[in-house]
Amino acid sequence: MDLDALIDIMKNTGFLTDSRVESAIRKVPRDNFVPDSLKNRAYENEPIHLMEKQTISQPSVVSRMTEWLDLKEGQKVLEIGSGSGWQSAILAKIVGNGKIFTVERHSKLASFAKKNLEKLGIKNVKIILGDGRLGLPTESPFDRIMITAACREVPQALLDQLSLGGLLIAPVGEDIQSLILLRKTPEGIVEIKSQKGYVFVPLV
Ligand code: SAH
């Protein structure tokens, strides 16, 4: 399967509807973000094993999460779980002169993501090795926050680091998660959307 076929599948199943997200996905070839031995599978709509028992997420899920996050040019975004760096690269293309901060707990993956982003000349992503549950207080607040690992509940530190009016998306739950989109309003945190039936590696 190639990129065009993958894009068609995501469109036909309703997971890709925003042309800005499509254009970002086209600009950051997924085969750049998977291990050499699995490059022939890069355009299948499946998660793929990386290292340290982690995976690059399924393309349709990456597309949906990116669409829900409703990014604007120039925004400052925090991602938890860099993995391969593919999701970070997509966010980076959409925010343009904005900036992505992405936190990863495995040093091997942080270096893998860094190398993958450098190969594509992407400069507006900063990878931080650390515990994403704590967020990145020194860079907060963030306009958008995306958690790409399953959590039982959204860590309070991340809600604290979201700007007023900002959006946060996360897979929440144990064996099977719901994607949850939250907004911070003057009255508090409000759930905007939620959808059942997703499976992510756990936030540890
Ligand atoms: N966004 C990635 C896929 C992420 S898979 C991509 O596009 O490839 C989830 C990632 O979250 C894994 O790399 C895992 O190591 C990381 N992770 C899990 N718990 C974490 C934590 N507490 N802090 C930072 N990263 C964490």
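Q: How do the axes of helix α1 and helix α2 run relative to each other, roughly parallel or roughly antiparallel?
A: In this predicted model, the axes of α1 (residues 3-12) and α2 (residues 19-27) come within 11 Å and cross at roughly 155°. Angles over 145 degrees count as roughly antiparallel. So α1 against α2 is roughly antiparallel.

Q: By class, how many charged residues does the contact of α1 with α2 have?
A: On the α1 side you'll find L3, D4, I7, M10 and K11, and α2 brings E22, I25 and R26. Sorted by class, that contact has 4 nonpolar residues and no polar ones, and the charged count is 4.

Q: Which residues are the closest to the centre of the largest pocket?
A: This pocket holds about 610 Å³ of space. Its lining splits into 17 nonpolar, 15 polar and 5 charged residues. Of the 37 lining residues, the closest to the centre are T55, S57, T148, F200 and V201.

Q: Which element gives the largest share of the lining of the second largest pocket?
A: Here the space is about 150 Å³, and the lining includes A110, K114, I122 and K126. Two elements give two or more residues each: β5 (125-129) and α5 (107-119). The largest share, 4 residues, comes from α5.

Terms used: Residues numbered from 1 in each chain as written. Predicted model: local features only at pLDDT ≥ 70, side-chain atom pairs only at ≥ 80, totals over all residues. Heavy atoms only, no water. Axes fitted to C-alpha atoms, helices over the stretch in contact; angles between N-to-C directions. Parallel < 35°, antiparallel > 145°, perpendicular 65-115°, else oblique. Contact = heavy atoms within 4.5 Å. Nonpolar A, V, L, I, M, F, W, Y, C, P; charged D, E, K, R; others polar. 1 Å grid on protein atoms, 1.4 Å probe; cavity = no way out; pocket = protein on both sides within 12 Å on 5 of 7 lines; lining within 4 Å. Points joined across faces, edges and corners; volume = space filled by probe spheres on them.
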